[in-house]
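Welcome! Have a look at the model, then try each task before reading on.

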Amino acid sequence: MRRLASLSLRQRLILGVAVVGAGALLVALLAIVIAQTSAADEQPLAFSHKTHAQNGIQCQFCHTGVAKGPVAGIPSVEKCMGCHTYIATDSPEIQKLQGYWERQEPIPWKRVNIQPSYVYFNHSSHVAAGVSCGSCHGAVAEMTVAKPVVEMNMGFCLDCHAEQENKDALWDCTVCHR
Amino acid sequence: MAEERQQGHKWTMIVDLDKCTGCQACVVACHAENNVPSPSEDEIIRGRANHWIRIERYWEGEYPNVKARFLPVFCQQCGNAPCEPVCPVYASYHSVEENLNVQVYNRCVGTRYCGNNCPYRVRIFNFWAPHFDPPLEQQLNPDVTVRGPGVMEKCTFCIQRIRRAREQANVEGRPLEDGEVQPACVQSCPTDALIFGDKWDENSRVAKMIPHERQFKLLEHLGTEPAVYYLKGGETHVGE
């Protein structure tokens, strides 16, 4: 405090501005982080998993890659239009979809579940092992807006891998990291 | 010494030096497959060439009877690896399942102990963030991590290809077949000088070739138990 008292008025002013500036920067950074993590809420279309699941559509009908390879995949606009040329055509959201179709643009969906770049997840291995979609993705069939349910960190993966019969093989770093 | 068969696979490479022409196709293929950036001339002069495979060239004889000998050197995937015990954060660790030395990039803190303890000098340290001259940044392999600065890296025997093939075989409910996994270097070798497979699979091409009368390992006296077997080249063996 003595050191602070020895500062001139001008130096104190500069120090004050610097502290306020740093605080403002921190708040701004926090706001950006929050905005990014909640980006999943703002999809280009108000797509509802719930509506589709209630009408008896299975996950694999749209996420076709899930049993075949690493990536589950997002359906093409063509796939959406396969039904929506006839179904609910008067809804404003479906008209938005038709707009993408007519402009021949892909829908810029925002990613919901994010993995770091050094993690390699394979959907097909998990489907083949009988892991249900809900174990990681939660009750998507009841969500109007898809949201991440579990925090998909390493602990979450290993908790399940440790319970398996071939846990030694599933405990290997190369299973996920390459 | 008969090796005891354990869990997983024993991935093994055979390098036939009689067939190697030193063309460096393997080096190029490796760069493309594993997102290895190309070093500048200046960096190479400073000893910072970052190839996961290097072709060592030896001149033999006096002019005019000079011959070039080539020796491709990459990570020997030692069974008793000097790089592993020195890592303070277990980033360099031994995969029990694949029987390979694995570098876990997200664990690595860049002490470089492993590189200094490797007798084969095959570990590469990333001094800077990777740079790919356009349009090379658009051909990065999505199955391989792009390593950041401060991280040690090395040949992985194309672990991403091994894992992909194993996962596919697993989904289809069948055992892995010999020849299903091919690292990029093996795939690109025009003279078939590189042979890859699981030594513990008795019917694999690799298992059938070992032991071979021309066989030797690099710095075998160090007791590192490399998983790479070299087959001697030279006149005495031509046409074998």
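Buried means under 20% relative accessible area, exposed means over 50%, and partly exposed lies in between. Keep in mind that this is a predicted model.

**Exercise 1.** Decide whether B:Arg214 is buried or exposed, then describe its salt bridge with B:Asp16.

*Solution.* 
- Step 1: B:Arg214 has a relative accessible area of 5%, which is under 20%, so B:Arg214 is buried.
- Step 2: in their salt bridge, the closest N and O atoms are 3.0 Å apart.
- Step 3: this pair links distant parts of the chain, 198 residues apart: B:Arg214 sits in the loop between α6 (205-209) and β9 (215-216) of chain B, and B:Asp16 in strand β1 (residues 11-16) of chain B.

**Exercise 2.** Find out how A:Lys96 and A:Glu93 are placed along helix α6 of chain A.

*Solution.* 
- Step 1: their side chains meet in a salt bridge, with 3.3 Å from N to O.
- Step 2: both belong to helix α6 (residues 92-103) and are three residues apart, so about one helical turn separates them.
- Step 3: A:Lys96, at 39%, is partly exposed, and A:Glu93, at 25%, is partly exposed too.

**Exercise 3.** Work out the setting of the salt bridge between B:Arg147 and B:Glu153.

*Solution.* 
- Step 1: the closest N and O atoms of this pair are 2.7 Å apart.
- Step 2: B:Arg147 is buried at 2% relative accessibility, and B:Glu153 is buried at 1%.

Key
Residues are numbered from 1 along each chain as its sequence is written. Chains are lettered from A and ligands numbered from 1 in the order in which they are written. This is a predicted model: local features need pLDDT of at least 70, side-chain atom pairs count only at pLDDT 80 or more; totals for chains, interfaces and linings use all residues. Side-chain values use heavy atoms; hydrogens and water are left out. A salt bridge is a side-chain nitrogen of Lys or Arg within 4 Å of a carboxyl oxygen of Asp or Glu. Helices (H or I, at least four residues) and strands (E, at least two) are DSSP runs, numbered from the N terminus. Buried means under 20% relative accessible area, exposed over 50%, partly exposed in between (1.4 Å probe, protein chains only).
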